[in-house]
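Dear colleague,

Here is the structure I said I would pass on. My notes follow below it.

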Amino acid sequence: MSTVKLRETILECLFEAQSGSEELRLEALQTLASITRVSPQNRTLVAQSNGAIPALLTLCKSSSPLIQTLSLSILFNLSLNPNLKQSLADMKTINHLNSIFSSTSPPESTKLASSLICSLAMLDKNKAMFGVAGTIPLLVHAVSDPCNPAAHYLLSSLAELVQFHGNCTLAVRAGAVPVLIQVVKSTDGEDLSGTSLAVLELVSRFDEGLNALKKTDHIVSSMVEVMKRRSMMSKEGAAEILVRLFEESEACIVDALKLPDFLTVLADISVRGSARARDKAALLLKKTTEANLDSYSTDASHMLF
């Protein structure tokens, strides 16, 4: 299809999507979704069409779940173009995405909105905008629902956003640490646990997050329990968090050494873990042997042997 013909098709679809019957709207949106799915050039043409983005945002508010999800799908497709991420992430778009988390939207809409946030946040310049718009507390609240079918998508968005320091602070103040710890403790899904640990790793890079972890009851024993699981992603995440805790607090080392299976777990990971997990296990063992534990217990050093 020539560029001229493609432009005409896009404009016709945008017109029908806004003014036709529901059947015509669905057909027009399906065409736009198909046009933007695989071609970066087509995405640019759609984005540059007069009024396209505002029209799609309006359609995202439709009472029809199909129209809503198709509109979000098209916006997500557009966001895959690096050159469109900044222009798409304006406050109007972000506020609308936030409203999807705050309402009883269909699960598919929530998944698509989360994916769109994650895609837009991959541009570092956009991360702070989501923080300013209040996206972080909304994501934390949504993740706290153990039955949320979009939990994995929400966690992925949160993981992308907290790579920015300011968003880490917002996440901690919104109660992200206890929420994520509860997800980690749950055995319902290792994927969710692994992604939650990845977020906690990012949060623990800064004082606010690390302090919140240190204040969590039984944090050391909880991470050791996670290291016993089959998921290598979870083992790596839990080991990394323990490394951060050990670097900041010898009391955490003592807590670990009081656990009868701590050294056994480290030995197991050192043999059967991934390269990253083995490195973390070796670092944890090194920190236990180098720590000055006399001020905590005269017998603590004997736990190493």
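At what angle do helix 13 and helix 16 pack, and how far apart are their axes? Please keep in mind that this is a predicted model. Helix 13, residues 176–185, packs against helix 16, residues 219–227, at about 35°, and the axes lie 10 Å apart. The crossing of helix 13 over helix 16 is left-handed. On the helix 13 side the contacts involve Ile181, Val184 and Lys185. They meet Ile219, Ser222, Met223 and Val226 of helix 16.

The loop between helix 15 (207–214) and helix 16 contains His218. This residue is not a glycine, yet its phi is positive, near 55°. Is His218 buried or exposed? His218 counts as exposed because its relative accessibility is 63%, and the cut-off for exposed is over 50%.

Now the chain as a whole. The protein chain has 20 helices and zero strands. Its C-alpha atoms fill a box of roughly 80 × 35 × 30 Å along the principal axes. There are 305 residues, and 51% of them count as buried. Among contacts with a separation of 6 or more, 69% are between residues 24 or more positions apart.

As for the surface, the accessible area of the protein chain is about 14,500 Å², and carbon and sulfur atoms account for 54% of that. The chain carries 28 positive and 31 negative side chains. The centres of these two sets lie 3 Å apart.

Regards

Notes. Residues numbered from 1 in each chain as written. Predicted model: local features only at pLDDT ≥ 70, side-chain atom pairs only at ≥ 80, totals over all residues. Heavy atoms only, no water. Helix = DSSP H or I, 4+ residues; strand = E, 2+ residues; numbered from the N terminus. Buried < 20%, exposed > 50% of the residue type's maximum accessible area, 1.4 Å probe, protein only. Contact = heavy atoms within 4.5 Å. Areas by Shrake-Rupley, 256 points an atom, 1.4 Å probe, with all protein chains shown as cover. Lys, Arg positive; Asp, Glu negative; His and termini not counted. Charge placed at Lys NZ, Arg CZ, Asp CG, Glu CD. Axes fitted to C-alpha atoms, helices over the stretch in contact; angles between N-to-C directions. Left-handed = near helix turned anticlockwise from the far one by under 90°.
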